[in-house]
Amino acid sequence: MKEEIFDVVVIGCGASGMMAAIRAGQRGLKTIVLEKKSRPGIKLSITGKGRGNLTNSAPIKEFADCFHNGKFLYSSFNAFSNLDTISFFENLGVPCKLERGRRYFIASGKAQDAVDAFVKEVKKFSKILTSFDVKSVKRNSDFTFIISSVKNSIKSRNLILACGGSSYPSTGSDGSGYAIAKSLGHTIKPPLPFLVPIVLDKEYLKELQGLKLRNIEISVISDGKTLFKEFGEMEFTSFGADGPIILTLSRFIAEEISDKNLILSLNLKPALSKEQLNQRLLREIDKFGQYHLNIMLKELIPVKMIRPFISYCGVNATKKCSQINKIDREKILNGFFDFRFNIVKTKDFKEAIVTRGGVIIDEIKQKTMESKLVKNLYFCGEVIDIDAPTGGFNLQAAFSTGYLAGTSIGD
């Protein structure tokens, strides 16, 4: 009996792998997708907190500028853009809607709808084999690939690695793709958790837990120097901080925390100058003269923050507003503009949305996603050393690189 040989094996049935399989299959290539977990698309099903943030409406140049190694992605974004993503899913019967932050979500608010439609489309052009845990990949003497699990082996003329990174390992994205790429001769930039909550020192956290702050500016400081700065929303948790600007800053914190003491500084009134806030403070002090400081502060900050704020500023909480002197006022102003917490670390890969690191781009052809080192080996998605902030950017990169890889095979 003649041994079955596939034209294309895709390892990983996530966003990039499914897109690659569809494109390869549409071009008449005999394709199979191997998925470690018992069902495909698990990570896609939780994107946008389960609501399905598929992409972003930003122009292509802005897309690329958002990414670490963004120039590498120009060919991919030109081959399959954010507009193509919207059309693709709408043609599958999954309409999208534009929301705040230029983010496109699935109109139903259910990411699983996209997964179900995606898997159905993959099955039109390709086989899907679940619970296939790849243990080794070897290059045969006839230049085919032998992809082996504990029990089975599959032979293929072309191989696409779409295994994901190390983030959310419970979804199957457990870093195994790096080991496969390394075994085939590729260089791996050590992975770090990215888009992940951060751990702060415990002071004040018990009282602040659950507090959401909007329209604030956060800086990451080391040795008196501001390293990074973001504006937006955050939330205090039992262990530290989470929210959009925290996740964005985590990409830098993860790289710097190993050799620097880092401080998180909150500017609670970024729209005001120090003089403007001082004048506001003087008016409030005059207005609340016979009341205690905590009563006046209700006009300026959330109630949940008042006691920690007073403690941080080092002002006597029992003072009446009429007793607040210039020194006290200066401490309060500094508290508004520079409320500090010591950063302990970032959370680990279990809570990271994306991985920073992976197969280095210098070893991949950006116009085809083919390896420069191994003929007929292709990469797509998070296994590559590319990453961006939240907002649909990373998922678009998965769709785009997957599309380009599937399109380029045998070209």
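This is a predicted model: local features need pLDDT of at least 70, side-chain atom pairs count only at pLDDT 80 or more; totals for chains, interfaces and linings use all residues.
Select F118 first: at 0% relative accessibility, this residue counts as buried.

The structure holds 19 aromatic pairs, and F89 with F118 is one of them: the arrangement is edge-to-face, with 5.5 Å from centre to centre and 75° between the planes. Colour the helices next. F89 belongs to helix α5 (residues 82-91) and F118 to helix α6 (residues 111-125), so this pair ties together parts 29 residues apart in sequence.

Move on to F228 and F252. Their ring centres are 4.3 Å apart and their planes meet at 15°; the pair is therefore stacked, since planes under 30 degrees apart count as stacked. Show the surface here: F228 counts as buried at 18% relative accessibility, while F252 is partly exposed at 21%. The two fall in separate classes because buried means under 20% relative accessible area.

For a group of rings, select Y204, F236, F309, Y312, F336, F339 and F341. Ring pairs link these residues into a cluster.

Finish with two charged side chains. Select R139 and F145: the charged end of R139 sits over the F145 ring, 4.4 Å from the ring centre. Then select K347 and F239, where the charged end of K347 lies over the ring of F239, 4.3 Å from its centre.

How values were computed: Residues are numbered from 1 along each chain as its sequence is written. Side-chain values use heavy atoms; hydrogens and water are left out. Rings of Phe, Tyr and Trp (its six-membered ring) pair if their centres lie within 6.5 Å; planes under 30 degrees apart count as stacked, over 60 as edge-to-face and the rest as tilted. Helices (H or I, at least four residues) and strands (E, at least two) are DSSP runs, numbered from the N terminus. Buried means under 20% relative accessible area, exposed over 50%, partly exposed in between (1.4 Å probe, protein chains only). A charge sits over a ring if NZ of Lys or CZ of Arg is within 6 Å of the ring centre and within 35 degrees of the ring normal.
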